[in-house]
Amino acid sequence: MRSFQLRPAWLLALLLWLGLIVGGYAWLLRYSFAAGKASASPRAIPSSVAAQAPSARVQLFLALHPRCPCSRATLSELAKILSRAPEACEVTVLMYKPEGESDSWMEGALLDKCRQMSCQVRPDPDGRLAGSLGSLTSGGVALYDAKGRLRYQGGITASRGHEGDNAGKQAVIEILSGQHDSQKSMPVFGCPIEPNPTERYPL
């Protein structure tokens, strides 16, 4: 009976194939858990943003890019937050659009979802309003209490484009429920707020 012998060329091909699988999986993990850029949110709501949301209620500002594939998961997690505390805050979505584009540039499933959730949607040319809150990445949340003081800054998903329980969402729920007095901060997982967010992403 002839014994099976793996030829060197086949062995090399197999090792290359396995290497591609492992390397691709490692890249995907690194990509999924690479936090986006952010700067510190101001301790009080900036006047430029306060004019967009003059209510004296607790204010949750969400920076959102309508063409970022990660944004769908962010809105799903926001819906879960609001279901736990439906009257606890007023939500303003700062929807990115390039300077000079009409509001129709933002149209799509994500904008429809925001409207279904009764969020206030404000066009944000070149992301200036989001930037004034320190949100440089789609999915960034800045939460201010009824006195206009910062209570939370960060994301509400566990990784890029993935739903599920995570520390950011839980922190917001606890703050809205009055369980925490201290300020919280978490990383944001999403696309850069720029014209073509999916063309490149720094890892």
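I am working from a predicted model, where local features need pLDDT of at least 70, side-chain atom pairs count only at pLDDT 80 or more, and totals for chains, interfaces and linings use all residues. Residues are numbered from 1 along each chain as its sequence is written, and side-chain values use heavy atoms, with hydrogens and water left out.

**Sheet order.** I looked up the strands (DSSP runs of E, at least two residues, numbered from the N terminus). Six of them form an open sheet in the order β3-β2-β1-β4-β5-β6, with mixed pairing. β3 (120–125) and β6 each have a single partner strand, so one side of each lacks a neighbour in the sheet. Pairing here takes at least two DSSP bridges between two strands.

**β1 and β2.** I found β1 (residues 59–64) parallel to β2 (residues 90–97), joined by six bridges. L62 stands opposite V93 in β2.

**Helices** (DSSP runs of H or I, at least four residues). Helix α3 (residues 71–84) touches β1 and β2 (contact: heavy atoms within 4.5 Å). I checked its direction against β1: about 165° (angles run from 0 to 180 degrees between N-to-C directions, on axes fitted to C-alpha atoms, for helices over the stretch in contact). Helix α4 (residues 109–116) lies across β1, β2 and β3, at about 165° to β2.

**β5.** In their hairpin, with five residues between the strands, G148 has a positive phi near 80°. On β6 (residues 184–185), S185 is the bridge partner of Q153.
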